Amino acid sequence: MAAAKPTLTDSLSFCLAQLTAAAGEGLRGGKDTATNETPLGRALLALRTRHVKAAGGIERFRARGGLRPLLALLRRAAAVGPAPSQAGPSSAPSSVESATFAGPAPSPGPAPSAASSSAPSPPARLRKTLDLALSILANCCTEGACRAEVRRLGGILPLVTILQCVKTDSIQNRTARALGNLAMEPESCGDIHSAGAVPLLVENLTACQDSQCLQSVVRALRNLADSPQHRLALAQQGAVRPLAELLAAAPDPALTLALVRALLELSRGCSRACAEQLSLGGGLGPLVSLASHPKKAVREATILILANLCAQGLVRPALGNAGGVDVLLGELRRRRGPSGAGPASQQPLVRAVCLLCREAINRARLRDAGGLELLMGLLRDPRASAWHPRVVAALVGFLYDTGALGRLQALGLVPLLAGQLCGDAGDEEEEGREAASWDFPEERTPDRAEAGSFRSLRSWLISEGYAAGPGDISPDWSPERCPLTPPPPEPAELTSSALGPTSLRTPRTLRTPGRSPAAASEEPWGREGPALLLLSRFSQAPDPSGALVTGPALCGLLAYVTGSPGPPSPRALRILARLTCNPACLEAFVRSYGAALLRAWLVLGVAPDDWPSLRARPARRQHRELGEMLLQNLTVQAESPFGVGALTHLLLSGSPEDRVACALTLPFICRKPSLWRRLLLDQGGLRLLLSALTRPAPHPLFLFFAADSLSCLQGLVSPTVIPVLPPPIPLDLDSPSPCLYERLLGPAPIPAPDLHFLLDSGLRLPAQRAASATASPFFRALLAGSFAEAQMDLVPLRGLSPSAAWPILHHLHGCRGCGAALRPIPPPGQPLLGSEAEEALEAAGRFLLPGLEEELEEAVGHIHLGPHGGPESVSEVFRLGRPRLVAHCARWTLGPGQCPRKRALALVGLVEAAGEEAGPLTEALLAVVMGVELGAKGSSLDC
């Protein structure tokens with residue numbers, strides 16, 4: 001087949017020459033009789049269909065300088081086009097001011113076609129030239145370099161002029177398409193706004209009925225909404241309402257997609273004007289219906305539009321009436337499901353749902369649709385921690401909804417709120433003024449005019465006789481003249497001048513939901529404000545113990561009070577005071593070890609995180625005073641008739657865990673001797689507590705609480721029972737007693753030894769037979785009896801090291817307090833089990849030397865339980881298993897003035913050392929608490 005014959009239009013140079021000639025000479029030109037077309041028309045057609053659409057064609061067209069004559073041609077075409085009014089062809093606008101057009105108000109009904117009567121149609125040849133030229137320009141503007149070149153050559157103003165003057169659907173379509181492409185550049189977008197194109201595009205929305213043209217116009221408006229300033233300008237120029245009206249008219253699918261995409265851009269950072277126009281245009285119902293559209297792009301864009309609209313309080317009630325609450329909740333639930341999207345896609349929906357909680361009608365819908373469970377799921381999700389402050393602030397809206405509060409409490413809100421008090425989540429994002437609850441709409445009064453509410457108030461005052469006439473009421477009382485945030489009146493002022501100017505000022509200020517302006521000025525409202533407000537509401541229930549008097553809730557409140565960098569909110573202190581003053585919470589404070597926790601955290605300065613590590617935060621004076629006040633409140637409840645009955649029932653008839661908790665708590669909250677003696681001593685509460693020490697701990701701080709409780713109980717007993725403690729043997733290391741054994745160790749001993757003891761190591765130790773036989777029944781039988789050793793001068797002593805034998809030889813020769821007993825004792829920090837001290841104690845018992853045993857035990861106590869000893873030494877001494885040392889360990893642990901942390905650490909070590917054999921430890925602690933000597937005659941420890 002023969003190749004097609006080449007034509008002149010196949011050459012880009014020919015087409016550009018024709019375009020340049022037409023731009024310089026105008027649109028006149030002869031017609032080619034063979035093709036019935038002008039050379040310009042053929043060149044434009046070839047440029048659009050072949051040259052521009054070819055690969056790299058747009059770049060070649062721009063590089064060859066085609067944009068300049070193309071724009072010049074459009075300027076000439078716009079100049080000869082018909083004007084939209086009675087002006088002649090030569091009166092086309094030539095500046096930005098002449099291109100500006102206010103645009104008619106949108107009408108609900110369909111507008112007649114633009115080609116009918118609004119303006120005469122341009123000639124066919126001119127229309128075709130414009131169509132081709134605009135199509136080429138729109139195609140070229142799909143590339144960034146061409147867009148920049150068109151802007152540099154001033155091509156925006158001719159397009160706006162054509163948009164104003166040539167009211168033909170095809171030309172309007174291509175012009176809007178070109179403007180939409182140019183608007184993809186921020187600089188061009190600003191120039192298009194400045195040229196006045198927006199009112200003309202808005203006019204086309206109501207005047208045009210062609211779907212393709214409408215899609216191009218809608219796309220242009222969408223691209224022009226590239227910044228908050230431009231979106232606000234579009235809304236203020238009425239661009240939103242026609243879009244909403246078109247959407248309500250159920251257009252074809254392509255136009256529907258274009259409309260929702262445009263509304264999505266316009267509703268970002270939704271302004272008041274945008275929300276008003278969308279609502280007045282009847283777009284809320286169609287948007288809710290489109291949320292279930294089968295096409296994913298339409299569906300997702302619609303849901304985001306609904307979420308954006310929630311930023312405006314004026315539209316939220318209507319949005320809820322249209323079914324938006326169920327739509328947003330369902331979508332958020334779907335995205336949070338196993339196959340849902342990531343957290344980034346959930347953020348606008350979470351914000352929208354939280355904003356919907358600001359109106360009562362939407363809160364009711366949200367509660368009925370399962371929104372409370374969804375919000376609680378967000379609070380439990382650590383991945384959603386950035387949204388937790390917003391969710392908590394949203395739940396404040398349910399502050400006076402008893403049913404919702406009960407449901408939230410059952411879902412576990414209180415522990416989550418307590419955790420929010422000291423969490424690491426950021427502050428709640430500030431919303432605009434328009435996002436405030438529409439349950440209290442702000443009055444908008446015109447300038448220099450009396451507000452309607454002021455006129456109503458003035459009429460009521462005159463009708464009730466409070467004012468004789470309008471002149472008696474100052475215009476300064478009008479809300480528009482009041483300061484934005486007036487200071488709250490004092491109670492005295494309210495009672496003395498009920499009708500004074502202060503009481504007549506009623507402006508509504510922007511505030512957090514659920515808070516009054518007076519409360520805002522009285523209470524510091526920080527990040528923890530919403531959580532504290534909800535906790536305060538829960539604490540006002542008749543019996544809040546099940547929710548608030550628990551370990552997590554109390555720990556959260558105390559962590560906030562003690563860890564706040566500044567003064568804590570007074571609301572938190574009131575919550576704690578309210579709980580401790582409520583009789584219904586007494587048993588809960590006992591069962592949960594709440595009273596012990598208050599004392600440890602506030603009075604002693606030991607938090608759960610500080611135990612058992614040695615780091616301690618200093619107990620501040622205000623924290624200590626707060627703790628003492630709260631414990632005093634609990635004391636008042638415990639010593640009341642109701643409290644006595646509750647504690648008695650708990651100790652005698654409660655579960656084993658409750659009985660132990662009651663016995664541990666009683667020393668903290670009972671000051672009446674008759675009460676604590678009856679419960680702890682007569683009815684066995686003390687023994688019950690001591691027997692629980694070696695069982696699994698029911699609380700992380702149980703042993704700390706127990707050590708503190710035993711110490712407090714000892715303080716209660718000590719004024720009435722004088723302790724009978726064994727007098728310690730003095731061990732004065734600075735001035736020891738004279739040593740009687742040293743005389744036998746010199747080169748010329750006086751008197752001379754008549755006996756030597758042979759140790760396993762081969763060491764021979766001199767001794768006096770008579771003194772040794774007198775000191776101990778064992779040596780009397782050995783050295784003066786019928787044994788063979790009685791006739792020997794060298795008597796072997798098996799199983800003794802030199803260090804262990806040293807104090808024995810000194811004791812046999814009458815040394816008391818010479819310091820020999822200190823020689824086998826290791827320094828603090830070294831183990832006693834297996835040491836020479838244990839060997840010496842065992843030998844003293846084997847050789848029937850009780851005085852030496854006591855002296856060695858006192859030496860062990862002096863070194864390991866003295867000023868240089870620590871809690872870790874107590875368990876080492878206890879492991880020796882000597883009764884006197886066990887008692888000494890108990891006295892060291894519960895001694896007055898002991899550091900609470902060291903006392904608790906010592907008790908932990910004692911419990912670990914005792915193991916399953918807890919009897920000696922229990923008896924020793926009991927003896928110390930009761931102030932009696934363990935094993936003393938006549939002492940009774942039946943408690």
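Hi everyone, let's start with helix 12 (residues 211-224) and helix 15, whose axes come within 9 Å and cross at roughly 15°. Axes here are lines fitted to C-alpha atoms, for helices over the stretch in contact, and angles run from 0 to 180 degrees between N-to-C directions. That makes helix 12 roughly parallel to helix 15, a label used for angles under 35 degrees.

A word on the model: it is predicted, so local features need pLDDT of at least 70 and side-chain atom pairs count only at pLDDT 80 or more, while totals for chains, interfaces and linings use all residues. Residues are numbered from 1 along each chain as its sequence is written, and side-chain values use heavy atoms, leaving out hydrogens and water.

Back to our pair. Helix 12 passes helix 15 in a left-handed crossing, meaning that the near helix is turned anticlockwise from the far one by less than a right angle. Helix 12 brings Ser211, Leu214, Gln215, Val218 and Arg222 to the contact, and helix 15 brings Ala254, Leu255, Ala258, Leu259, Arg261, Ala262 and Glu265; contact means heavy atoms within 4.5 Å. By class, these residues divide into 7 nonpolar, 2 polar and 3 charged.

Helix 15 (residues 253-266) also packs against helix 18 (residues 296-309), at an angle of about 30° and with axes 9 Å apart. These two are therefore roughly parallel as well, and their crossing is left-handed. On the helix 15 side you'll find Thr256, Leu257, Val260, Leu263 and Leu264, facing residues of helix 18 that include Ala297, Val298, Ala301 and Ile305. This contact has 9 nonpolar, 3 polar and no charged residues.

Strand 1 and strand 2 run antiparallel, joined by 4 bridges, and leucine 755 has alanine 767 as its bridge partner in strand 2. The two form a hairpin with 5 residues between them, and glycine 762 in the turn has a positive phi of about 95°.

Terms used
Angles under 35 degrees count as roughly parallel, over 145 as roughly antiparallel, 65 to 115 as roughly perpendicular and the rest as oblique. Ala, Val, Leu, Ile, Met, Phe, Trp, Tyr, Cys and Pro count as nonpolar, Asp, Glu, Lys and Arg as charged, and the others, Gly among them, as polar. Two strands pair if DSSP finds at least two bridges between them.
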